[in-house]
Amino acid sequence: MAEVVSQTQHPQPHEEPQSIKQEDGKARMAPPSSSGASTPTGANTNSRRPPRKSTLTQQQKNQKRQRATQDQLMTLEVEFNKNPTPTALVRERIAQDINMTERSVQIWFQNRYESIGGEGGNRRR
């Protein structure tokens, strides 16, 4: 007499996990296969985040970066020499004076501050 052996098929790494019905009738997701072939060593698959959506419009994506003019740079340097860490109100005033966005003024100050070494040259890198 031939012996019947039941085989359990394990999902391949590229297959999606399937739902399994529990005794109470509720469905739950099957655990991912433990082969680990598609994940790097030590990676936690539960901590993956969905990709970020761009907040830029198509026009903004197509625009080239606007460089600061010499007049704008002069004003930014003068203000930086007065105070390397201006408040949001001061940045808004500067931005209005030189026709830039407050965000680009903020980034300029951050970059300039880092280029001179920040707080006594202590960097967190």
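**Fold and packing**

Modeller: The secondary structure of the protein chain comes to four helices and two strands. Helices (H or I, at least four residues) and strands (E, at least two) are DSSP runs, numbered from the N terminus. This is a predicted model: local features need pLDDT of at least 70, side-chain atom pairs count only at pLDDT 80 or more, and totals for chains, interfaces and linings use all residues. Residues are numbered from 1 along each chain as its sequence is written, and side-chain values use heavy atoms, with hydrogens and water left out.

Colleague: What pattern does the protein chain follow along the sequence?

Modeller: The pattern is β-β-α-α-α-α.

Colleague: How much of the protein chain is buried?

Modeller: Buried residues are 14% of the 125 residues. Buried means under 20% relative accessible area, exposed over 50%, partly exposed in between (1.4 Å probe, protein chains only).

Colleague: Switching to helices. At what angle do α3 and α4 pack?

Modeller: About 110°, with the axes 8 Å apart. Here α3 is residues 88-98 and α4 is residues 102-115. Axes are lines fitted to C-alpha atoms, for helices over the stretch in contact, and angles run from 0 to 180 degrees between N-to-C directions. That angle makes α3 roughly perpendicular to α4 (under 35 degrees is roughly parallel, over 145 roughly antiparallel, 65 to 115 roughly perpendicular, the rest oblique).

Colleague: Which residues make the contact?

Modeller: From α3, Ala-88, Arg-91, Glu-92, Ile-94, Ala-95 and Ile-98. From α4, Glu-102, Val-105, Gln-106 and Phe-109. Contact means heavy atoms within 4.5 Å.

Colleague: Now Leu-76. Buried or exposed?

Modeller: Leu-76 is buried, with a relative accessible area of 0%. This residue sits in helix α2.

Colleague: What does Leu-76 touch?

Modeller: Leaving aside neighbours within four places in sequence, Leu-76 contacts Ile-94, Ile-98, Met-100, Val-105, Trp-108 and Phe-109. The C-alpha atoms of Leu-76 and Phe-109 are separated by 8.0 Å, and the two residues are 33 apart along the chain.

Colleague: And where is Gln-72 found?

Modeller: In helix α2, residues 70-82. Gln-72 is buried too, at 12% relative accessible area.

Colleague: Which backbone atoms lie by polar atoms of the Gln-72 side chain?

Modeller: The backbone nitrogen of Thr-69 lies 2.8 Å from one such atom. The backbone oxygen of Ile-98 lies 2.7 Å from a polar atom of that side chain.

Colleague: What else does Gln-72 touch?

Modeller: Not counting residues up to four places away in sequence, Gln-72 touches Arg-67, Ile-98, Asn-99 and Met-100.

Technical notes: Polar contact = N/O pair within 3.5 Å; in protein donor to acceptor, adjacent residues only side chain to side chain.
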